[in-house]
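Here is a report on side-chain packing, aromatic pairs and charge pairs. Please keep the sequence and the model in view while reading.

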Amino acid sequence: MEYYSDRTMRRQVTLFIFVLSLGFVLGQVSYTVPEEMAKGSLIGNLAHDLGLEIKRLTSGKARIFTRDSDEYFELNRETGVLLVKEKIDREALCKKTTPCALQFQIILENPMEFYRVTVQITDINDNAPKFEKDQIDFRISESAVTGATFALERAVDLDVGINDLKSYTLKPTQNFALKLHNNPDGNKNLEMVLQKPLDREKQETINLVLTAVDGGEPQMSGTMLVVITVLDANDNAPVFTQQIYKASVIENSPQGTIVTTVTASDADEGSNSKIRYSIRNTLDDVRKTFKVNQENGEVTLIGNTDFEESRSYEIDLLATDEGGLTDSCKIIIDIQDTNDNVPEIHIMSKSTIISEDAKLNTVVTMINIEDKDSEQNGNVKCCIEEHMPFSLKSLADHFYSLVTDSELDRENHSEFVITVTCSDEGVPSLSSSVTLTLQISDVNDNTPVFDRSSYEAFIVENNTPGVSIFTVKATDVDWNQNARVSYILEESSVNGVPVSSYVSVSADSGVIHAVRSFDYEQIKDFQFCVKAQDGGSPPLSSNVTVKILIQDQNDNPPQVLYPVQTGGSMVAEMVPRSADVGYLVTKVVAVDVDSGQNAWLSYKLQKSTDRALFEVGLQNGEIRTIRQVTDKDAVKQRLTVIVEDNGQPSRSATVIVKVAVADSFPEVLSEFTDFPHDKEYNDNLTFYLVLALAVVSFLFITCLVVIISVKIYRWRQSRILYHSSLPVIPYYPPRYSDTLGTGTLPHVYNYEVCRTTDSRKSDSKFGGAISQNVLLMDPSSTGTMQRIQSEKNILDEPDSPVEQKPPNNDWRFTQGQRPGPSGPHMPYGTHIRWTPKNGTRATGGPEVAMGTGPWPQPPTEAEQLQALMAAANEVSEATATLGPGTMGLSTRYSPQFTLQHVPDYRQNVYIPGSTATLTSNPQQQQATAQQATQQALPPPQASAQAEPPKAAQTPASKKKSTKKEKK
């Protein structure tokens, strides 16, 4: 047995694939495998053999469908291979039937497909021949003649083919030999033949061993002990009338039914002719189903016969006389089929939900029909109820598919209960049915439908914004989300204005709200479209036209067109004194912009100078005389007519009609010159005049206060500047320094101060560039000083009436005598200009260092020293009055700049090229200056020549002299 389990599996695969008209593939594949394979053994690559991809097995949820409950195989979806699930015993499945095959189906979904798989089970030599009894006894007379036969029981081997029973041996062979007879069914009858007479006196008991051997590898065998008891003589053996008997019985026949009767005869007499009948079958169901009467050979039914389980039985009978002689025969009993099995319906695959837009011939369910009966009893036909959008189509033998054969509509039928009935052709016919419930899933195939083709609604004018007008309603016969309707206001315009500014639509309820208050006199009706859209994908929609009619409300009073009320007009209607009764004086004409009864006007005379003289037509507004005009009637007549509409509540307007009872115009004119103006008009005019006067007065006073405040503010500012004792301090830029270190001053500060004789009109200018009004010294002393900027910058000033004079030719310095830092630096020069009160700015004389051309000779050292002393003297005087706090600088300099940041140049003034020092002490300054003069000046002759004219005073000296004169 282990040998066969380890053998290489022989496999034969046959694949048949048919393409059917229903749109799925029916295929068949066959495998051949030996029995007793271990669990998990590979049978074959099913996916490869069927031509399927692995992902198709996974997506189609491939599974095995079998009619029986036992499953011997399993399918691995991941690899597509077919494996052994349970160990297979061929003998238990098929017994002696060959070939032994198991059939099942592979079911795939989406789309539905199925494939037939046949696995043929081959036999292995796993069963040894076996006798029913381990020992059999014979009683043989010693007078038995040579050649007498004695039937032996056959051994049974459950294997088939070459593994089945092959041969027998009987040992020892001194008295008996073994003889085999082949039967038509392929079995062998065993007989023991007497070859040598028996002698009871020599051997009363003989023991033989009967061995049965099969043809498998390795061979397997079974044995049975044959015990022979030698008796006295019995010369004749029983003989059956027929060697083979045939009979038939209907399946499911009741127990006790006589099937047939066998007969055997014996030529002996006495007790030796008495025959007993017995059944020799072993290891099968014959003895459980049939029995034979030992006395008369009557075969009766003791069990149930089922055509579907066994269609025929073979019974081996044995007839034995009292002397032990025997004879055998065979009874073949055929089981007749009856229609005792209803068709069995197996659901292979089914869908519980199908979309309503499914195409024709879509497979809904696949079923398998099985009827175990044969021939007509096993022919089955299936059908479903009529008037359904489905049909059953036969795929192959006993296979059906339920498919759609017409369009589905969930709105008409959301669910189908389908009954499949299968009936066989037996008599009487048997049938079975199965009920399938199929839900139809919704598809968004229906548009929302309004309950009306168009809508018309009314709303009274002067409504409150946000009030609901009415509701539109649409329904969708689809289901769930596809039936959820939302309402949308379609974009359009009414009189050029978007309709959304008039109304709005609630998306969920369809309620239309007024966005604004309507006025019937401006718009009487308008229409728009509302779209109902469902929630499907894609969404479906439908439109409906909505017309809104504005209903009039009595919100406008009547308007009098004639007579025109002008307030101060002297117009009056003239009535001659000769007027008769019913004379038409005038007609009051009025209109009402409302409509309907709100515009029906009636006229009444409210007040009149003489009520007995005039009347007003109720409907037409005509004013007529109701009596003859007399001379006693006043010339001036005043009528107050009230015009009312017919609204609820009613509105009215009044008009005053002036009537002159006179025959000539001059008379009327003279009488109406003193007609007072309308009091209401005069009151209104007076009110507006007073209001205008008050506004103008307020604006005038406000402007006057603002102007005075500005003047006072400016005057206070000018007084503060006038009484201030702080002088103007120059600004010294820290970035200009003597980087070459050639001069005696560490820093050079150059500034320009502009002052006037009147402090309220003074101005200061700091930081003037040297390129504007400073002479450039030639550091090499080889050239003359050149003016950087042309003198047009000075001569072109509008406040310089005097042309600037050229510098004094005697005012010159040598290169070594020039004050200030030496070298090529261009310091800022200090220049002071005076502006007189009359606005004419004085131009500096030739002594001012503002030349317009080159100096012919450089100044001498004495001239340079004298100019330096004069400058130092001016600086000391100008800074003598400085106190703590902020200097009076221009507003463009930081007010935080105080005197502590300015070096005190009154303390020490260094003279370049000299050891003299100038201080703020006048005496010390004078002594120091004299000492420096003595050291630096040339002889008196030279100094006299080089001294500048005394008449040319510096601006600082002029200012000083002016102050002394004032004191």
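F399 is buried, with a relative accessible area of 1%. Buried means under 20% relative accessible area, exposed means over 50%, and partly exposed lies in between (1.4 Å probe, protein chains only). F114 also counts as buried, at 0% relative accessibility. The model is predicted: local features need pLDDT of at least 70, side-chain atom pairs count only at pLDDT 80 or more, and totals for chains, interfaces and linings use all residues. Residues are numbered from 1 along each chain as its sequence is written, and side-chain values use heavy atoms, with hydrogens and water left out.

Rings of Phe, Tyr and Trp (its six-membered ring) pair if their centres lie within 6.5 Å; planes under 30 degrees apart count as stacked, over 60 as edge-to-face and the rest as tilted. By this rule the count comes to 16 aromatic pairs. F114 and F399 form a stacked pair, 4.8 Å centre to centre with 25° between the planes. The pair links distant parts of the chain: F114 is in strand 8 (residues 113–122), F399 is in strand 30 (residues 399–404), and they are 285 residues apart. Helices (H or I, at least four residues) and strands (E, at least two) are DSSP runs, numbered from the N terminus.

## Other aromatic contacts

F687 and Y688 pair edge-to-face, at 5.5 Å centre to centre and 65° between the planes. Both F687 and Y688 are exposed. F450, Y455, F470 and Y487 form one aromatic cluster.

Charges also sit over rings (NZ of Lys or CZ of Arg within 6 Å of the ring centre and within 35 degrees of the ring normal). R516 lies over the face of Y502, at 4.3 Å from the ring centre. K524 lies over the face of Y520, at 4.9 Å.

## Nonpolar cores

A nonpolar core is a set of buried Ala, Val, Leu, Ile, Met, Phe, Trp, Tyr and Cys residues joined through side-chain atoms within 4.5 Å. The largest has 29 residues. Those with the most contacts inside it include F526, F528 and V546. Among the elements giving two or more residues to this core are strand 42 (525–534) and strand 43 (541–551).

Take V546. Leaving aside neighbours within four places in sequence, V546 is in contact (heavy atoms within 4.5 Å) with residues including Y455, F470, I512 and F526. A second, separate core of 28 residues includes L50, F73, I88 and L108.

Side chains alternate along strand 17 (residues 244–250). Y245, A247 and V249 point to one face and are buried.

Seven bridges join strand 17 to strand 24 (residues 326–336), and the two run parallel. Strands pair if DSSP finds at least two bridges between them. I244 stands opposite K330 in strand 24.

## Salt bridges

A salt bridge is a side-chain nitrogen of Lys or Arg within 4 Å of a carboxyl oxygen of Asp or Glu. The whole structure has 15 salt bridges. E113 and R56 form one, with the closest N and O atoms 3.6 Å apart. E113 lies in strand 8 and R56 in helix 3 (residues 54–59), so the pair ties together parts 57 residues apart in sequence. E113 is buried at 11% relative accessible area, and R56 is buried at 15%.

K330 also meets E314 in a salt bridge (3.7 Å, N to O). K330 counts as buried, at 9% relative accessibility, whereas E314 is partly exposed at 28%.
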